[in-house]
Amino acid sequence: MQIQPILAALRKHRLATMLIALEIALACAVLCNASSMIADRLSAMRIQSGVDEAALATVQLTGYTPAQAADVDARAITALRSVPGVQSATLVNSIPFGMRRGTAGITTDAAGQHFGGVIEFYVGGPGSLQALGAQIIAGRAPQADDFHAFTGLMPETASIQITQALAEHLWPGANPLGKEIWLDKWHFRVVGVLKDLVRPDPQGWTAEQREWSVFVPAAPGPYLTGSYLLRADPKDLPRVMRDALLAVGKAVPEVVIDREDSHTLPDLRHEVFRQDRSMAGLLIGVIVALLGVTAFGIVGLASFWVAQRRKQIGIRRALGATRADILHYFQTENFLIVTFGIVLGIILAIGINLALMKFFEVPRLPLWYLPVGVIVLWALGQLAVLVPALRASNVPPVVATRSV
Amino acid sequence: MFAYYLDLALRSLKRNRLLTVLMVLAIAIGIGASMTTLTVMHLLSGDPLPGKSANIFYPQVDASPKGFTKGGPLDVLDYRSAVDLWGAHRADRQALIANSDVKVRAPGTNLPPLMLHMLATTSDFFPMFNVPFEYGSAWTPSDDADRARVAVISSDLNDKLFGGKDSVGKTLRLKDSDVRIVGVLARWRPSPLFYDVRGGRFANGDTGDFYRRSEDVFTPFQSGLEINAGNFWQFTCWHMPDNPGHLKNAPCVWVALWVELDSAAKATDYRTFIASYAEQQKVLGRFTQTETRMMNLMQWLDYNHVLPRDVKLQTWLAFAFLAICLFNTVGLLLAKFLRRAGEIGVRRALGASRRAVFAQCLTEAGLVGFIGGVGGWVLTLVGLWLVRRQQPPYSDLVHMDVSMFFVTFVLAVAVSLLAGALPALRASRIAPALQLKTL
């Protein structure tokens with residue numbers, strides 16, 4: 001295929017060529033950046049919680065005084081445990097993807113000089129860590145005598161389990177067992193390492209910080225109350241959740257069930273990522289519409305050119321060009337225009353990404369998105385030009401002899 | 001002449017239906033996408049107190065120890081500073097606010113107890129923020145001083161508990177105390193819920209919650225603190241409070257102060273006043289730093305980046321998309337006009353001026369834009385419905401108002417005229433002789 005005549009023809013149609021190329025460039029830039037944002041949102045949604053989400057649910061109670069706590073908890077837990085299908089009902093202050101009640105900054109020395117970051121304290125009663133299903137990869141699980149009564153935020157001292165992500169952050173490369181963390185008057189010693197345990201609110205944190213959690217064993221009482229963790233067979237969970245709410249409503253009618261925060265963990269997770277899901281959906285919609293509009297533009301303009309050049313095509317055919325020659329002419333022409341657009345588009349894509357990184361905290365565009373975007377646009381261009389090009393190849397040579 | 005051009009344009013559009021449909025579709029989709037995001041942006045970025053926001057200020061001092069914060073005072077005040085500044089009554093109006101959740105029961109109804117957001121505030125809150133009343137009125141300054149057991153409730157709560165009837169004088173049970181309802185608000189939906197805005201720069205752009213509904217229960221400040229002791233939320237603490245929820249003497253910030261200052265001179269005076277207060281507190285040993293700040297309402301909203309990041313991102317995306325549609329339309333119009341070169345040549349030969357050809361082509365482009373605008377309007381309605389279906393906190397605000405309805409058509413026609421200008425110019429430059437020769 002000779003490129004020279006095509007370039008000569010394009011030079012005669014500079015304006016239209018530029019328009020299609022610019023459209024392709026913009027499409028390329030938006031396509032690459034939007035795809036990268038979709039991937040970012042989807043990866044945030046796939047976060048490992050480290051707990052048996054499918055088997056867990058929570059019931060949250062409020063509206064009673066610390067003095068009433070022991071009585072309310074006793075009645076509520078009895079009611080929850082009597083719901084058929086409930087394997088365990090325990091107390092824990094924060095719930096993955098749900099209530100957040102233990103966020104605080106820690107230090108790795110008693111003097112409070114070495115700041116260790118803002119972490120999540122899961123303060124839980126006996127059985128709650130097992131109920132969560134968090135996997136212990138080193139050290140030990142809490143024992144019966146680890147659970148101390150307390151007032152305020154949590155016990156002033158305790159033997160805790162820490163996630164490996166947080167351990168690696170606080171003491172890189174070192175064995176975390178036996179290490180200590182401080183926070184004002186509180187002081188904890190690490191006795192176990194958890195594989196994963198996500199924060200209740202992973203979205204507000206960077207990928208590294210999302211698993212900075214510890215489990216603090218504590219005895220239920222006035223300050224660890226009303227936040228129940230239910231475990232049941234995943235198949236039964238929705239039914240168990242409905243029955244549990246009814247049972248609690250009957251057992252403690254004088255308190256308020258916080259219905260907004262009492263859900264199964266799959267539901268809570270769904271809710272937490274609602275915004276990400278809708279944004280990803282919107283981006284996918286934009287990409288589809290964008291590719292569609294770009295394809296329409298190519299079809300429209302290519303059809304116009306074919307109509308305009310009917311006579312020339314006829315002359316070429318009369319002079320011995322085959323149908324394939326004509327077909328290839330338009331395909332090559334489209335390939336050249338799209339390539340030109342893509343070159344501009346890659347520069348634009350990187351520029352837009354830099355701006356987005358600056359103003360919207362969007363992650364850097366992985367470079368391999370660019371070749372993928374290029375291939376998609378090449379394919380789109382060839383697909384769009386196919387129908388007009390086939391029509392061109394069907395122009396009979398006899399057209400050359402007609403005056404119009 | 002315009003009617004004639006319109007007729008010509010209609011004929012021309014009917015001649016090549018596929019091309020027309022493609023152009024109208026491109027404009028409609030582009031307009032639909034950009035108007036959906038623009039409408040959301042318009043609804044979320046308005047002035048919540050039009051005409052007054054410039055006189056509403058948010059004074060800040062800092063009681064935290066040195067090094068606890070960077071970049072100015074903490075977002076809200078500690079109890080002592082807030083009450084001191086409020087008690088000085090140096091502004092035209094001043095209101096303290098503190099947030100908590102409260103257990104609410106209505107004696108005499110069978111409804112289960114509710115947990116609702118409560119705002120403990122002072123009487124100036126209502127006139128200062130132009131809060132409308134359906135029944136009754138706000139409490140008086142003497143109620144503030146007497147710690148009276150009174151409350152104002154939202155229209156939502158009044159509907160829920162009293163079926164929307166006048167409930168002034170009725171009793172409400174807040175936690176363990178009975179309060180008398182003195183006022184019921186008319187429907188009031190400030191967007192954003194400006195007086196509760198704080199901490200926006202730590203929200204990573206996820207600020208949808210600033211657009212939630214206002215509180216359901218309002219009580220005098222000190223009455224609220226007594227009634228609902230133990231349930232107040234801190235913004236932050238530099239030491240953990242001994243007794244969570246009881247914050248009066250805790251090393252925490254949790255109370256906000258809003259003031260109304262009706263002139264620039266008064267604002268300057270007030271700045272001097274809070275600066276001297278900070279100096280005085282430092283001398284007394286309670287403050288370690290004397291930095292103060294006082295922004296007006298809109299500055300404070302800006303500082304907190306209230307507009308959710310995703311909304312801004314979507315708007316940019318939509319306009320990039322509109323630009324693609326624009327390029328697309330330019331290309332298609334160019335094809336369409338130049339295809340009619342022969343016809344235009346005849347018109348020119350019969351005496352039509354370049355200007356007339358240009359006007360005719362633009363009319364056609366404008367018509368495409370208008371039809372695209374109708375499609376865009378329908379798509380915008382669909383888009384807004386989709387936004388509502390995602391249930392953001394502001395979903396009840398999302399609707400198309402009259403101004404946005406007109407903007408849709410203006411934008412659609414403007415985009416198509418812009419798209420049509422270049423092709424029309426090209427068409428008007430067609431040399432008649434050359435075209436006639438080939439006929």
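**Entry 1: cavity lining.** I looked up which elements line the largest cavity, and found that α8 (274–308) and α10 (323–360) of chain A each supply at least two residues of its lining. I note that the model is predicted.

The lining residues I listed are Ile20(A), Ile298(A), Leu301(A), Ala302(A), Trp305(A), Phe330(A), Glu333(A), Asn334(A), Ile337(A) and Val385(A). Sorted by class, I recorded 8 nonpolar, 1 polar and 1 charged residues in this lining.

**Entry 2: cavity volume.** I then asked how many cavities of 30 Å³ or more the structure holds. The structure holds 1, and I recorded a volume of about 80 Å³ for the largest cavity.

**Entry 3: contact between the chains.** I turned to chain B and chain A, where the contact takes 44 residues from chain B and 50 residues from chain A. I noted a buried area of about 4000 Å² between the two chains, with carbon and sulfur atoms giving 71% of it.

**Entry 4: polar features of the contact.** I found 8 residue pairs in polar contact between chain B and chain A, both residues at pLDDT 80 or more. For salt bridges, the count between the chains is 1. Asp310(B) forms a salt bridge with Arg41(A), and I noted 2.7 Å between the closest N and O atoms.

**Entry 5: the chain B side.** I looked up the elements that give two or more residues to the side of chain B touching chain A: α2 (17–44), β3 (114–121), α10 (309–339) and α13 (402–428) of chain B. The largest share, 21 residues, comes from α10(B). By class, I recorded 25 nonpolar, 9 polar and 10 charged residues on this side of chain B.

How values were computed. Residues numbered from 1 in each chain as written. Chains lettered and ligands numbered in written order. Predicted model: local features only at pLDDT ≥ 70, side-chain atom pairs only at ≥ 80, totals over all residues. Heavy atoms only, no water. Contact = heavy atoms within 4.5 Å. Buried area = accessible area lost by both parts, 1.4 Å probe. Salt bridge = Lys/Arg side-chain N within 4 Å of Asp/Glu carboxyl O. Polar contact = N/O pair within 3.5 Å; in protein donor to acceptor, adjacent residues only side chain to side chain. Helix = DSSP H or I, 4+ residues; strand = E, 2+ residues; numbered from the N terminus. Nonpolar A, V, L, I, M, F, W, Y, C, P; charged D, E, K, R; others polar. 1 Å grid on protein atoms, 1.4 Å probe; cavity = no way out; pocket = protein on both sides within 12 Å on 5 of 7 lines; lining within 4 Å. Points joined across faces, edges and corners; volume = space filled by probe spheres on them.
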